[in-house]
Every structure is written in C-alpha cells, then in structure tokens.
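Subject: Structure handover

Hello,

Here is the structure I promised to pass on. Please open it before you read my notes below.

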Amino acid sequence: MSTTTASSAAGAFRLAVDIGGTFTDVVLMAPDGRLATTKVPSTPDDYARGVIEGCRQILLRENVAASDVAEMLHASTVATNAILEGKGARTALVTTEGFRDVLELRRIRVPRLYEPLYRKPPPLVPRRYRFEVAERMGPRGDVLRPLDETALQPIARQIDAAGIEAVAVCFLHSYANPDHERRAGEVLRALLPGRFVTLSIDVLPEIREYERTSTTVINAYVAPPVSRYLTSLRAGLDREGITAPLFMMQSSGGILDLETVLQRPALVVESGPAAGVIGAGYVGRRAGFENVIALDVGGTTAKASVVERGRYLTTDEYEVGGGISLSSRLVKGGGYALRLPVIDVSEVGTGGGSLVRLNAAGNISVGPQSAGAMPGPVAYGRGGVEPTVTDANVALGYLNPVAIADGTVAIDLAGALASIAGKVAAPLGRPVEQASYGVLAIANALMARSVRSVTTSRGRDPRDFALLAFGGGGGLHAVGLAASLGMRRVIIPPAAGVFSAFGLLYSQIEFAQSQGFLASLDAADPAALENAFAALEAGVLHHLGRPADTIRLRRRVDLRYAGQAFELAVDMPKGAFDAAMRDTLAAAFDEEHARTYGHSLPRAHPREIVTLRVIGTVIAERPASHLAPRPEQREVTTRPAYFGEDGWLDTRIVERHDLATPLAGPLIVEEPDATTIVPPGWTASLDDGFNILIDQTVEVPA
C-alpha cells in the first residue's frame with residue numbers, strides 16, 4: 001500500500017484480527033481489496049495486548065491513520081479457552097424443582113465405548129451452586145404449578161454469599177411458555193445487581209432440557225471472561241485512536257455487534273475456526289472449486305471443515321471440550337453440549353506447538369498438550385525444553401533454520417535438534433531425522449481424524465474434495481495428509497498463515513432466532529407455522545436494525561422421523577405450506593438423512609417438525625482481495641530436507657511468485673506468514689487467484 005492510497009480513501013480500511021494459541025494474526029484491507037498482513041506473538045496473560053500491538057504495527061508500517069479504519073473484525077478463542085481450561089466464571093444454575101442434576105445425568109452416550117471406568121468431564125456448575133425453584137410448565141405452555149417467587153430471595157442470598165459471578169436460569173418447558181423464566185430473571189437481576197443473569201428462553205428456546213440447560217450454563221460461564229476481555233480490548237483500541245465499530249465472528253459464520261456478543265457470548269465459542277471456513281469458501285468459489293475441505297493447522301490445534309457445493313455446512317449438534325471438539329452424532333458425551341448454530345468443524349489437539357513425548361509403551365505421542373505462545377517450541381528460544389511438532393519440522397529442514405514469521409521469530413536450530421535427539425530419537429534408538437519424520441507421520445494421522453469426522457462420518461468421501469490448507473502449519477502438513485487420505489489436489493491460498501483473519505473480511509453481519517414447534521409435517525397448521533416464522537423474522541429484523549431490503553432472510557426447519565430423538569435441518573423454500581411444500585421438505589430431509597446415516601424411510605412414514613429457525617444476513621459487497629505487487633525477486637537457494645524413504649534431498653527454496661511456471665517437488669515455498677512443503681511426486685503451480693495448486697504426479701503409497 002502506498003501513502004497515496006491510504007490518504008485518498010479515508011475511513012474505508014478494514015482491520016481483521018484472529019488470536020491463535022501461538023500467534024495473533026492481523027490483516028488490513030484497503031478499499032481496492034489490497035491486503036497487508038502481519039503476525040505478532042499472542043499474549044496469553046492479556047490477549048488484548050497482542051491484538052493492539054498487531055494493529056499498531058500494521059497501521060504504522062502501511063502509513064494508515066487509525067481514524068481511517070472503518071470497521072474492526074475479530075475472532076477470538078477467549079470463550080473456548082475459558083471452557084477448555086476451566087477458567088470461566090463461578091456460575092450458578094436456577095432450575096425447576098426436581099431437575100437440579102440434569103447436567104450430571106446428561107445423555108446415555110460415552111465417547112469411549114469399551115472403557116467402563118471412563119469419567120465424563122465435571123459439570124461447569126458444581127451441585128452446591130445448583131438451586132431448585134417450585135414451578136412447572138407443561139409441554140404445551142399450560143401452568144401446572146405457579147412460580148414460587150419467595151424461594152428466589154434465599155437463593156439470591158446464597159448466590160451472593162458464594163461470590164457467584166453469573167447465573168443461568170433454565171425452567172422446564174419454558175420454550176412453550178416463558179412467563180416463569182422471565183419473572184425469575186427480573187427478580188434475580190433486582191436482587192443481584194452487577195451479576196450476569198441469562199435465561200434459556202433468550203439463548204435456546206427449544207426442546208430438550210439437557211441441551212438447553214447446558215447451552216445456557218455455557219453462556220453464563222463464559223460471559224464474565226469474555227466481557228472483561230472485550231472491555232479491555234475496546235478501551236485499548238480507543239486509546240490507539242481506532243474507534244471503528246467492533247464486530248466479532250460467531251460460530252455459525254456471521255459477525256455480530258459487540259453488544260449482542262456481551263449478552264450471548266456462547267455464540268462466539270468457536271469463532272476462530274468459523275472465520276477460516278468463511279475464507280475457504282470464498283477462495284474455493286473464486287478458484288472454481290465448489291467442494292473443498294478446509295484444514296487449519298495452528299499452534300495448538302488442527303481443525304477441519306467441509307465446503308460443499310460452494311456452501312459451508314452448519315450444525316447445532318456440537319460438543320466443546322473433551323479432547324476433540326466436534327459435532328458427530330456418533331461420538332457424544334466427551335464434552336459440554338452447545339446446541340447453537342455452529343459451522344461443522346472438527347478439532348483435534350495437534351498443532352505446531354503440540355508436545356512430543358514417549359508414552360508408557362515407548363511409542364511417540366503427539367499432543368494434546370501444547371507449548372503455547374510461552375514458552376513455545378524449543379526452536380523459538382524462549383525457554384521451551386519439551387520437543388514439539390515445530391521442532392520436528394525444523395530438524396527435517398522444512399522450516400527456515402534462521403528465522404520465520406517475516407524474520408520476527410529467530411530459530412534455534414541446535415536447540416530443536418537437541419530436544420528431538422534427547423527426548424525422542426535416543427530413547428527409540430533412531431537417527432534424529434527418522435524420529436522427526438515419525439513425529440510428523442503421527443501428527444498427520446491425528447489430523448486425518450478431524451478430516452474424517454467431517455467427511456466419512458457425514459457420508460462424504462474426502463477424495464471427492466480438494467484440500468485447502470492454511471494456518472501457520474497448514475502448508476507443512478497438507479500434502480502428507482492429503483496423500484494419506486487418497487486426495488490428489490492441495491490448495492494453499494494467499495496469506496495462508498493469517499487466513500482466519502482474512503476470512504473475517506468476507507463474513508457478513510448475521511443474526512438468527514429459533515423457536516420450538518413440535519408438530520407432524522403433514523398435519524401442521526399452515527397458519528400457525530406462518531405466524532411463528534413471521535414472528536421470528538420480525539425479531540431478526542428488529543435486532544439487526546437495518547432496512548428490510550438490505551437483509552436476506554432464510555427459513556430453516558429441523559425435521560425428524562417420528563420416533564427419532566434427533567433432527568436434521570433443511571432449508572424452507574418460499575411459497576405456501578401446501579402438500580407440494582410438505583413433499584419438498586420431506587424429500588430434502590430424506591436426502592440429508594441418507595447422506596448422513598446411509599438410509600431413509602418411505603414417504604408413508606410420519607415426519608415431525610421440531611424447530612423453526614430464521615437467519616438474517618446483512619447484504620454487503622466486498623472487493624476482490626489481492627496481495628501487494630511482487631517484491632524484488634530474491635535468488636533461489638537450496639537446503640537439505642528429509643523426505644522419508646527418499647532420504648535427504650537438496651531442496652529448492654522458492655517464493656509463491658516463482659510458481660508462475662509449474663515446478664516439480666521437492667520444493668519449500670517460504671513466505672512471510674507460512675511455509676509450504678512440496679515433496680517428491682507432487683508439482684506446484686499458481687492459478688489466476690494466486691493460489692498455490694499442488695497436484696500429485698506420481699502415485700505415493702499411503
């Protein structure tokens with residue numbers, strides 16, 4: 001970007017920031033779509049410091065005034081980390097008499113079928129902070145027992161004495177009649193000023209008491225830490241002169257205003273992974289690939305998601321925590337149920353900072369523990385002593401032995417080699433390069449688990465997709481992972497190392513509301529259905545606060561076969577809810593059911609509507625992105641790199657621009673924000689969108 005560009009388009013720049021376990025990524029987009037990027041170390045003691053420092057650096061480098069930033073977009077793991085690390089707020093639950101232990105009972109599902117002593121993670125609210133109130137609603141909204149308001153006063157006193165920060169209120173069947181829950185919320189807010197009080201009717205007005213209770217509790221549990229972080233961030237940005245509106249990525253793929261996030265922080269639990277998938281969908285469509293698997297390899301985790309027919313997949317069957325965060329209906333019970341729209345992402349604790357150890361059997365174990373941002377891998381020279389996946393990449397010659405991240409992180413080659421040699425290679429009786437290569441093979445196998453969770457577990461074949469890899473470690477692992485899955489094409493987008501921040505730039509402001517609506521598909525009252533949808537649409541339009549002609553509304557219906565205990569969501573076409581519409585919905589549901597579970601039932605079998613949902617998206621045009629002009633070309637060099645059975649090979653070190661003419665591997669593509677490995681048997685080239693396309697040219701055994 002030039003000074004002229006910056007000064008001539010005041011107020012039109014957009015900043016996007018994504019916090020990772022090791023680095024905080026920042027992308028600045030000019031009015032014409034030109035991108036500038038930077039990475040700074042994350043600051044776990046106060047993530048806002050890293051965000052502000054990254055913004056300060058990029059604005060200074062690009063000569064853009066803080067007042068010229070029109071919009072600030074953000075994705076953060078603050079809510080996720082609060083759950084994973086058990087560092088959320090001290091939370092209380094107020095619920096219907098007799099339902100105090102619903103968080104303990106959960107569902108009869110365990111992720112480890114043959115481990116009879118398996119222990120589920122402890123509830124986010126200990127039993128001593130779960131309080132019962134005499135009241136009862138029927139499933140149709142009829143009052144079976146009036147609310148005992150007098151019971152709320154001693155409960156409030158106990159909550160106050162215990163130093164509780166947040167209160168979740170979830171009454172049985174409140175989705176059918178919210179009166180008791182609303183009144184309880186009013187009383188508790190009056191008795192507990194300054195406490196965060198959240199109601200299930202505002203978070204998840206749907207059937208299923210466990211999922212509704214768990215989701216409401218998560219909303220309360222993460223609210224204070226999210227509020228503290230965002231308040232600190234907003235104050236820091238204001239001090240820097242960045243007074244532009246702040247929007248956060250939500251788990252479903254849209255962005256939300258700050259006020260909504262502070263009231264419903266559960267919506268942003270998976271905000272970071274969602275941003276990367278949005279970017280993958282944009283790049284895939286622009287490059288002519290409608291079916292891609294998005295693979296995000298960061299410092300702490302690897303995440304996979306599917307973009308199919310140009311659209312990312314969403315689900316409301318999600319669990320966070322438990323070693324792998326995913327939405328598989330076949331693997332449940334390992335985490336905390338979060339029944340909110342989430343981009344279908346599978347996440348495993350394997351990234352560049354994952355610790356490498358030998359287990360009790362003497363075999364290599366990778367993750368889920370991570371060296372994090374501090375001290376980080378041994379190679380970073382910040383005091384780390386345990387070998388990591390990054391150290392293995394350094395030992396193999398894949399990463400620059402001097403510095404990475406545009407020269408901001410110096411590499412301690414000797415330290416990395418010594419850590420692998422002492423902790424892994426020597427105990428195994430193997431050379432350092434063989435041990436390091438084994439570390440990557442195991443890391444790739446763990447990452448393949450996340451890919452299979454969103455493909456084969458959903459009835460998709462990964463070989464029908466291209467692998468679009470990003471994140472600081474995406475290019476290091478993509479080809480090896482693709483080969484193991486039988487995939488023949490890998491795509492590395494521009495700005496791959498900061499790609500989740502890039503994805504924020506192509507997200508839209510979005511808000512959704514849902515309502516339980518239990519009825520037979522064939523017998524549902526058209527007028528009642530239309531009234532319910534109309535009320536949801538009115539609520540969405542009111543919340544977004546923009547002219548109706550600037551908002552795209554989408555209706556969705558959760559359906560199931562009669563007798564089932566789970567649903568699948570399908571889009572609701574426009575038109576009258578007549579016999580043809582019912583058949584269309586049934587056919588769409590049958591297709592998705594067959595794709596997910598391998599079968600469907602005849603049309604004669606009854607189908608039920610369970611939930612109605614309306615999604616409102618603000619329509620906004622975004623300029624096509626492009627990188628800055630080609631820098632001065634550097635001399636092509638080589639260095640030895642190890643490729644398994646092929647041994648040590650003299651490998652060319654090139655830049656993305658050098659691939660304008662296709663080059664056969666082995667290659668190492670070095671960029672300021674990421675490194676890409678092209679092994680023997682694969683060829684790399686550039687397409688018109690400046691994406692690196694890596695194609696298999698020789699069959700490589702999986």
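In which strand is the place of P368? P368 sits in strand β23, which covers residues 364-370. Please keep in mind that this is a predicted model.

The peptide bond from G367 to P368 is cis, and its omega is near -5 degrees. A cis bond also joins G665 and P666, with omega about 10 degrees. P666 is in a loop, between β35 (663-664) and β36 (667-670). As background, most peptide bonds are trans, and most residues other than glycine have a negative phi.

A495 is not a glycine, yet its phi is positive, at about 55 degrees. A495 belongs to the loop between β27 (489-492) and α15 (499-504). A495 has a relative accessible area of 4%, so it is buried. F690 is also a residue other than glycine with a positive phi, near 70 degrees. Look for F690 in the loop from β38 (682-686) to β39 (692-696). Is F690 buried or partly exposed? F690 counts as partly exposed, because its relative accessibility is 23% and the cut-off for buried is under 20%.

Now the chain as a whole.

It holds 17 helices and 39 strands. The radius of gyration is 26 Å, close to the 27 Å that the globule rule gives for 702 residues, so the chain is as compact as a globular protein of that length. The C-alpha trace spans about 80 × 65 × 60 Å along its principal axes. Buried residues account for 58% of the 702. The accessible surface comes to about 27300 Å², and carbon and sulfur atoms hold 53% of that.

Next, the inside.

The largest nonpolar core has 215 residues. Which residues have the most contacts inside this core? They are L15, V94 and I609. Helix α8 (residues 209-240) gives the most to this core, with 12 residues. I609 is worth a click. Beyond four places in sequence, its contacts include F517, L518, A519 and L521. V557, L559 and F577 are among them too, and so is D558.

R560 is part of strand β29 (residues 551-561). Is R560 buried or exposed? R560 has a relative accessible area of 12%, so this arginine is buried. Setting aside neighbours within four places, R560 is in contact with residues including I207, R208, L518 and F589. E567 and E608 also touch R560, as does R607.

I19 is in strand β1 (residues 13-19). I19 is buried, with a relative accessible area of 2%.

D344 lies in the loop between β20 (342-343) and β21 (345-348). How much relative accessible area does D344 have? The value is 7%, so D344 is buried. D344 and S252 are 92 residues apart in sequence, but 8.6 Å apart in space, C-alpha to C-alpha.

H173 is in the loop between β9 (166-170) and α6 (179-191). H173 counts as buried, because its relative accessibility is 18% and buried means under 20%. Which residues are in contact with H173, leaving aside neighbours within four places in sequence? They are M137, G138, P139 and R212.

Over to you.

Best wishes

Notes:
Residues numbered from 1 in each chain as written. Predicted model: local features only at pLDDT ≥ 70, side-chain atom pairs only at ≥ 80, totals over all residues. Heavy atoms only, no water. Core = buried A, V, L, I, M, F, W, Y, C linked by side-chain atoms within 4.5 Å. Buried < 20%, exposed > 50% of the residue type's maximum accessible area, 1.4 Å probe, protein only. Helix = DSSP H or I, 4+ residues; strand = E, 2+ residues; numbered from the N terminus. Contact = heavy atoms within 4.5 Å. Rg over C-alpha atoms; globule rule 2.2 N^0.38 Å. Areas by Shrake-Rupley, 256 points an atom, 1.4 Å probe, with all protein chains shown as cover.
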